[in-house]
Amino acid sequence: MTGMRAAIIAAVIVACAGGTAQANMPPEWPKAASAVLDAIEKSTPLEGRARANNLYWRGWGMARKWRLLNNGNTEITFAEFLSWVQICRTIGCTGDTVGGKPYRNVAAEVKAEKMRNGGQDPAVEVVYRWTESIGAQAAGASAKAAKANAELWGRNRGEVAGDFATSNIFVLGWLVAQQEPSIEGKVDTLARFGLFAHGLGWIGERCLDIGRIAAVLDGEPRVEACK
């Protein structure tokens, strides 16, 4: 079991039986998410830009809705939480949307993408191949990151492809990335969702490791460099 998978399992929050009570967000998750955002927004237009006071609660709420719709439960993982914090932060989640599109519609698109490619595993494989090939079309740090991520993520592709919830996040990130007008925007967007799903990822010229960040209960969470 990898550090990322162990951290994900440790971070899962289970809703009370019968769904009558709402699980509380783990107190360490907002700090951990803030540290991740600091790392991935470094040297970008978002660096230093104020974050909404309710950003993490909005991400938490949307992650629970997303999980319930797709999995029939609210056992959300830190990867799902981060993905929705990212969506709310960048393209917006107002009105239960992904950048203005109802999240239910986007969930249907993820499902359709999997079916169109012949299932969960081949759909994830398509994203890996896209990441590998798009590097030749991108420029600068984005080109290097795409090629590096294709190799890095390929090492634990079985874990992501084999897990329903994590593969949903990875394919969701790919669909969100396709909305970016530039090749570099597509690469950079998928790099973030790939980081969330795999726990490792090249963001620009830095390889980040967030595999254990959600397990930090005391002290300040810190994004590590890949080893």
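Residues are numbered from 1 along each chain as its sequence is written, and side-chain values use heavy atoms, without hydrogens and water. In this predicted model, local features need pLDDT of at least 70 and side-chain atom pairs count only at pLDDT 80 or more, while totals for chains, interfaces and linings use all residues.

Buried means under 20% relative accessible area, exposed over 50% and partly exposed in between, with a 1.4 Å probe and protein chains only. Leaving aside residues up to four places away in sequence, Trp84 is in contact (heavy atoms within 4.5 Å) with Gly59, Met62, Ala63, Trp66, Cys93, Thr97, Val98 and Tyr103.

Nine aromatic pairs occur in the structure. Rings of Phe, Tyr and Trp (its six-membered ring) pair if their centres lie within 6.5 Å; planes under 30 degrees apart count as stacked, over 60 as edge-to-face and the rest as tilted. The pair of Trp29 and Phe78 is edge-to-face, because the ring centres are 5.5 Å apart and the planes stand at 65°. This pair links distant parts of the chain, 49 residues apart: Trp29 belongs to helix α2 (residues 29-40) and Phe78 to helix α4 (residues 78-90). Helices (H or I, at least four residues) and strands (E, at least two) are DSSP runs, numbered from the N terminus. Both Trp29 and Phe78 are buried. Phe193 and Phe196 also form an edge-to-face pair, with 5.9 Å centre to centre and 65° between the planes. These two residues lie three residues apart in helix α10 (residues 183-198), about one turn of the helix. Phe193 has 1% relative accessibility and therefore counts as buried; Phe196, at 1%, is likewise buried. Ring pairs also join Trp29, Trp60, Phe78 and Phe81 into a cluster.

The largest pocket contains about 740 Å³ of space. On a 1 Å grid over the protein atoms alone, a cavity is a set of points where a 1.4 Å probe fits but cannot get out, and a pocket is an open set with protein on both sides within 12 Å along at least five of seven lines; lining residues have an atom within 4 Å of a point. Grid points are joined across faces, edges and corners, and a volume is the space filled by probe spheres set on the points. Of the 32 lining residues, Glu180, Gly185, Asp188, Thr189 and Arg192 are the closest to the centre of the pocket. Helix α10 supplies the largest share of the lining, six residues.
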